[in-house]
Every structure is written in C-alpha cells, then in structure tokens.
Amino acid sequence: MIDLDKLSQLLNRPKRIVLLSHRNPDGDAIGSVLGMSYYLQGLGHQTKCILPSEYPVFFEWMRQAHDILIYDLSAAECEKAVESAELIFCMDFNSLDRIDRLGIKVLGSAAPKVMVDHHLDPEPFADIVFSDPGYSSTSEMVYHLITGMGGSDVLSTEVMEVLYTGIMTDTGSFHHNTSERVFNICAEFKRRGLDDSRIQELVLNSQPDKYLQLLGHCLYNRMELYPEKSFGLMYLTKEDYRSYDIKRGDTEGIINYLMMLRNVKVGALVMNQPSIIKLSMRSKGDISVQKICREHFGGGGHKNASGGFSKSSLDETLKKLREIMGVDKTVNT
Ligand code: 5GP
Ligand code: MN
C-alpha cells in the first residue's frame, strides 16, 4: 500500500494538480481520474484532468467529463497545464509511452509524481508509487486512497458513480478480477445510495444501432477460429473503419464475444485504426497475453487482458500474430 502519510503531506496545502491517464481511455481511466479529482477539489486543490485521446461517448454523463483536456485536441493547453503543475497524478498507466508526447513533459516536470496503477511491470518514473496488480482496477485503488486519507465521508454520489464505473468496466461487469474487497466496496456504495443499475444502463446499454451491425460484421466476416490452438482472431480493416464509421469506443466489448467460445482460450482483435494498428488480446487461466503483447507488440497490460500496437500493414500484423500463435490460415480456410 502507498505511504499515505507522505501523500497527505503533499496535499496539506492547496496546489495546482494535474491528473493524467492513458490513450484510448476506458472506464477505469476516466473513472479513476475524475474520482481522484473530485476528492482533491473537495480538499481545496485546483485540478486539471488530461487524457491523450478522446473518451467514448458513453462516459459523457460524468460530471466534469467535458472539462477534461484532450491532448489530441488541445496540445498546447495540456502542455502548459503539466508545466505549471505542482503535483502530478498518473492514473491507470505505468509507462510513459501510454501518454504519448506528454510523457516527455511529465518526465521534465519538477513536480512530484504519484503513480496509482494496477498493471504489470511498472516503469520507475514516479516519486510515490501505488502499483499493485492485485487490484481489480485503479478506481478500486482510488477508493482505498481517499477513504484511507479522508474516511468514508468523502464518498459523495459523484465519486461513487465514477469509481463504480471503473470497477465495473475493468472487471467486465464483475466477471473477472473480483474479490471480497470489490464486492464490499460496491456494497458500501449501494448502502450509501449509489444507483448501480443506472450506471450499467448508461455505460453498457447506450450503444448506437451501428454497434450491432459492426458486431455482426465482425462475427460473420472477420473472424478466424483455430480450435487446435484454442485461438480466436478478429480484425477490422481500414475500409471497415470507413464503412461502419467506427469511432472511439465503438469496438469496446467486441473481443468478449470470442471469449464466449469454449474452444477459445486466447482471443485477439486487430484493428487497422486510421493512424496505427492496435491489438487487444484476452486469455483465460494461466496463459499470459501480457507477455505476447510486451514481447511482440510494444504493449502490455494484465495477464488476461492486454494490448499493443504494430507499425506494419494489417496483413503483416495478422501473419505475425498467427505465427506467434502457431497457426496457419491456409489450413483454416
Ligand atoms: P484493451 O484491449 O481493452 O484496449 O486493453 C487491455 C489492457 O491492456 C488495458 O489494461 C490497457 O491499459 C492495456 N493496454 C492496451 N493497449 C496497450 C498498449 O499499447 N501498451 C500497454 N502498455 N498497455 C496497453
Ligand atoms: Mn484499469
């Protein structure tokens, strides 16, 4: 656990604080950043939340979501905020390449840095580190931070709503990485009046029609199954991005359909996004996709849920992935 005394000391007078999370922010990234920010504002600090790229529309209901600075949209303002920060929180990421060019700014800043994160293999760039892959989510860690420093009275509805979002999304709606601790936290939220069903509706059941059309396309035209290696693969081409008008958040959850299959123990979704090829990988049991993403695709994450990227073509990336998994497409077709 983090040294709470040291952190409390850093927070003992009002400061300009920047809170950052990773590119392609998910529910845990935005939930942990906003949850921590609401708490710090309550202590009288001035906060600025920064994300490298835009968050999906199904998080727009969060209060202050619209105040988040997006580096892709306003780089200069983000850089200025980091330069003038007196304290920096790095939430839900543990390597500076996850925040693009902002990483250099963070490294160059004299402000103390606090890392709160639950991924494997942290880089040593922070002064105060709360890094533990035993937690379901960074939002769960924020719960422990703020209740550890301020007691349960700090749990306002808005704090609970965003932390619940992070816990819910990072556990796949309480499907994996759950613990007695997670359920106790959520029970406490519920006891304090959190409307959990409302959050599930806002985040999970608010997709546009094209989501199911895209899912159908993935399942029908873009799926390869290799039962002999318990491997399943889906991919999206550049043309798919255009014809289905795929935007941030639209591919969220698609990989989970692969994992529904009994014969799939490792699943991959390869996306030919407009500027880069992005990989999402999932596994069941003891197989580490983190190792695959780290060793072959410049990425990382968790043992059973990881991501990476590729600068080659889609065909070459798929070929590389099939080779790594020891499967042959010509046999499969
Ligand atoms: P997803 O597949 O949902 O995008 O990501 C799964 C997990 O892997 C998340 O915890 C995410 O933070 C991590 N991850 C995704 N892409 C990358 C990447 O390019 N680099 C690293 N280090 N982690 C990633
Ligand atoms: Mn997370």
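By class, the shell of residues around ligand 1 comprises one nonpolar, nine polar and three charged residues, where Ala, Val, Leu, Ile, Met, Phe, Trp, Tyr, Cys and Pro count as nonpolar, Asp, Glu, Lys and Arg as charged, and the others, Gly among them, as polar. The structure is a predicted model, in which local features need pLDDT of at least 70 and side-chain atom pairs count only at pLDDT 80 or more, whereas totals for chains, interfaces and linings use all residues. Residues are numbered from 1 along each chain as its sequence is written, chains are lettered from A and ligands numbered from 1 in the order in which they are written, and side-chain values use heavy atoms, with hydrogens and water left out.

Ligand 1 is surrounded by 13 residues, of which Arg98, His119, Lys278, Ser280 and Arg282 are the closest; a residue is near a molecule if one of its heavy atoms lies within 4 Å of it. Several polar contacts, that is, pairs of N or O atoms within 3.5 Å, can be described. The side chain of serine 280 places an N or O atom 2.5 Å from an oxygen atom of ligand 1, and a polar side-chain atom of arginine 282 is found 2.8 Å from an oxygen atom of the ligand. At glycine 300 the backbone takes part, with an N or O atom 3.1 Å from a nitrogen atom of ligand 1. Of the 490 Å² of accessible area that ligand 1 has on its own, the protein covers 83%, as computed by the Shrake-Rupley method with a 1.4 Å probe.

Strands S10 (277-283), S11 (300-301) and S12 (305-310) each supply at least two residues of this shell, and S12 gives the most, with four residues. Here strands (E, at least two residues) and helices (H or I, at least four residues) are DSSP runs, numbered from the N terminus. These strands belong to an open sheet of six strands with mixed pairing, in the order S7-S8-S9-S10-S12-S11, whose edge strands, S7 (223-226) and S11, each pair on one side only; two strands pair if DSSP finds at least two bridges between them. S11 and S12 pair in the antiparallel sense over two bridges, and glycine 300 stands opposite glycine 307 in S12.

A further open sheet of six strands, with parallel pairing, has the order S3-S2-S1-S4-S5-S6, and S3 and S6 (128-131) are its edge strands. Within this sheet, S1 (residues 16-20) and S2 (residues 46-51) pair in the parallel sense over five bridges, with valine 18 opposite lysine 48. Between S1 and S2 the chain passes through helix H2 (residues 27-42).

Aspartate 28 in helix H2 and aspartate 92 in the loop between strand S4 (87-91) and helix H4 (102-108) are 64 residues apart, a pair that links distant parts of the chain.

Key
Polar contact = N/O pair within 3.5 Å; in protein donor to acceptor, adjacent residues only side chain to side chain. Right-handed = clockwise from strand over helix to strand, strands pointing away.
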